[in-house]
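Keep the sequence and the 3D view at hand while reading.

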Amino acid sequence: MTILNETYALSNSVEIPKLGLGTWFIEDDKAADAVNAAIEIGYRNIDTAQAYGNERGVGEGVRTCGVPREELFVSTKLAAEIKDHDQAVAAIDGSLETLGVDHIDLMLIHSPQPWDDFRGGDYAEGNRQAWRALENVYTAGKLRSIGVSNFEQHDLDNILGACTIAPHVNQLLVHAGNTPTELIAYCEANNILVEAYSPIAHGEILNNPDVQSIADRYEVSVPQLCIRYTLQLGTVSLPKTANPNHMRSNAQLDFELTNDDMDVLRNLRVRDYGEHSVFPVYSGK
């Protein structure tokens, strides 16, 4: 499982593991066990968010895993509703306290709009204020890197036009069937690393026979194929699971997709997320 030892370098030279553990939908009282299991398997990149409601459990797992803190990369996200400098600073301090750590390796603005107005109104000024808070706490040394999530090009331009520190990361919905090629290229051109959340399309891609047939040719599972796809796009991949067997399988990626198969997966379109379409990021907005 050599992928667990591989990293990218952010624009500030901080190293981030290429494969991480997503923790959305892992309950707070189960998060510590999930984090401990992942770290025992070899994961060093753990992703959470204020909105997940499990920062306390994730922090407990980080503190009790037996691996030195400096060997782990812990990310969290500022709640999407916070579009004010002082509230953002207080919330960042709140994450540090809830996680029980003295620094966070990556903190992101979770969304350019509050979730109840996703892809809706104009929050440009609020995002600039939240970004200034991240910059200030980064400069103070409590955050090792800072970034955004779900930001489209105009959202990035709003930050890039006013910042003193450019975003190091943009965490996006990226999977076979939803590949925002132009946005990924724009991020790369601005030295912003893309992280791919839901690389298995929140499970919906498991039902796709075309993807299954490609996986069969490589003698791998559909999740393995999809995670490998996002890695070959040059993104950090963040599959989420509390199941140690899935964690282990998700990291068994010692194969390479051909350019032709990458093109097939890149051009695939998956727009129906089933029951999960109620969540803003899967709503098609």
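## The sheet and its strands

In strand S6, Leu106 and Leu108 point one way while Met107 and Ile109 point the other way, and all are buried. The model in view is a predicted one.

S6 belongs to an open sheet of eight strands, arranged in the order S3-S4-S5-S6-S7-S8-S9-S10, with parallel pairing. The edges of this sheet are strand S3 (21-22) and strand S10 (236-238); each has a single partner strand, so one side of each is left without a neighbour in the sheet. Strands of a sheet pair through backbone hydrogen bonds, and the pairing may be parallel or antiparallel.

| Strand | Partner strand | Bridges | Direction |
|---|---|---|---|
| S5 (residues 73-78) | S6 | four bridges | parallel |
| S6 (residues 106-109) | S7 (residues 146-149) | three bridges | parallel |
| S8 (residues 169-173) | S9 | five bridges | parallel |

Leucine 78 stands opposite isoleucine 109 in S6. On the side of S7, leucine 108 has glycine 147 as its bridge partner. Asparagine 170 has its bridge partner in S9, namely valine 194.

Strand S9 (residues 193-197) is mostly covered, with five of its five residues buried. Leu193, Glu195 and Tyr197 point one way from S9, and Val194 and Ala196 point the other way.

## The nonpolar core

Which residues touch the most other members of the largest nonpolar core? They are Tyr43, Leu78, Ile205 and Leu225, in a core of 98 residues. Helix H1 (residues 28-41) gives this core its largest share, seven residues.

Leaving aside neighbours within four places in sequence, leucine 225 is in contact with Val211, Ile214, Ala215, Tyr218, Val220, Phe255, Leu257 and Leu265.

## Aromatic rings

Across the whole structure, a search finds six aromatic pairs. One of them joins tryptophan 24 and phenylalanine 25: the ring centres are 4.6 Å apart and the planes stand at 35°, so the pair is tilted. Another joins tryptophan 115 and phenylalanine 118, with ring centres 5.5 Å apart and planes at 40°, so this pair is tilted as well.

Is phenylalanine 118 buried or exposed? Phenylalanine 118 has 4% relative accessibility, so it counts as buried. Phenylalanine 25 has 47% relative accessibility and therefore counts as partly exposed. Under 20% is the cut-off for buried and over 50% the cut-off for exposed.

Trp24 and Phe25 also belong to one aromatic cluster together with Tyr52 and Phe279. A further ring, that of tyrosine 8, has the charged end of lysine 18 sitting over it, 5.0 Å from the ring centre.

## Cysteines

How many disulfides does the structure hold? The structure holds zero disulfides. For cysteine 163, which is in no disulfide, the nearest cysteine sulfur is that of cysteine 187, 13 Å away. Cysteine 187 is likewise in no disulfide, and its nearest cysteine sulfur is that of cysteine 163.

Conventions:
Residues numbered from 1 in each chain as written. Predicted model: local features only at pLDDT ≥ 70, side-chain atom pairs only at ≥ 80, totals over all residues. Heavy atoms only, no water. Phe/Tyr/Trp six-rings, centres within 6.5 Å; stacked < 30°, edge-to-face > 60°. Buried < 20%, exposed > 50% of the residue type's maximum accessible area, 1.4 Å probe, protein only. Lys NZ or Arg CZ within 6 Å of the ring centre and 35° of its normal. Pairing = 2+ DSSP bridges. Helix = DSSP H or I, 4+ residues; strand = E, 2+ residues; numbered from the N terminus. Core = buried A, V, L, I, M, F, W, Y, C linked by side-chain atoms within 4.5 Å. Contact = heavy atoms within 4.5 Å. Disulfide = S-S within 2.5 Å.
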